[in-house]
Amino acid sequence: MTFLICGLGSIGKRHLRILKNLGDHKFIVFRSGISKSGPAESIDLEIFDITEISQHKIDGALITNPTSLHISTAANLAAKGIPLFIEKPLGKDLSGTVELLYTVNQNRTPVLMGYNLNFHPAIVKIKELIDDNKTGKIISAKAQFGTYMPGWHKDEDYKKSYAAITGMGGGVVLTSIHEQNYLTELF
């Protein structure tokens, strides 16, 4: 299979490493700017213009670029019918979501959002207990989350990270959206 990875920051590199360990695949990386870190050693091709993908058969794409680019990148690939995995969240706001949904539906493009906590055994068990009416009537729910941004990526200045820049889709509401998502899933 040939995978297109759009963005090769920390999460893009993680997905690349996992997919590389799962089998013999071909990897094309699309970067929206000149790479600061150089090409990853385990990729087959690095491109800087999304139109170059028309020269390749792509079996699936991972949208792992900054949040502010998710929707436009996804729409471009969905128009080509390429199955998509989009890292959370979908975008920095709702701009372009109606058009993306239309494009996905028109092209019957499979899409999966990267909300991995929905698959955590504890969340799965809680969902099962709720669905089986074993919890009683739920009248309230609360989730608590804590993190320390300077500790996320020791080799990076966190202040320059997309997660710290609102215009790129950063900020606590979007960057730490897992709790909002699983609460929505559960309740």
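**Close-up 1. Salt bridges in the predicted model.** The count comes to 5 salt bridges, each a side-chain nitrogen of Lys or Arg within 4 Å of a carboxyl oxygen of Asp or Glu. This is a predicted model, in which local features need pLDDT of at least 70, side-chain atom pairs count only at pLDDT 80 or more, and totals for chains, interfaces and linings use all residues. Residues are numbered from 1 along each chain as its sequence is written, and side-chain values use heavy atoms, leaving out hydrogens and water.

**Close-up 2. Glu 46 and Arg 31.** Here the closest N and O atoms are 3.0 Å apart. The pair links distant parts of the chain, with Glu 46 in strand S3 (residues 45–47) and Arg 31 in the loop between S2 and S3; strands are DSSP runs of E, at least two residues, and helices runs of H or I, at least four, numbered from the N terminus. Arg 31 is buried at 8% relative accessible area (buried is under 20%, exposed over 50%, partly exposed in between; 1.4 Å probe, protein chains only).

**Close-up 3. Lys 127 and Asp 131 in helix H4.** These two residues sit 4 residues apart, about one turn of the helix, and their closest N and O atoms are 3.4 Å apart. Lys 127 is partly exposed at 24%, as is Asp 131 at 48%.

**Close-up 4. Leu 77 in the largest nonpolar core.** Look for Leu 77 among the residues that touch the most other members of this 19-residue core, a set of buried Ala, Val, Leu, Ile, Met, Phe, Trp, Tyr and Cys residues joined through side-chain atoms within 4.5 Å. H2 gives the most to this core, with 4 residues.
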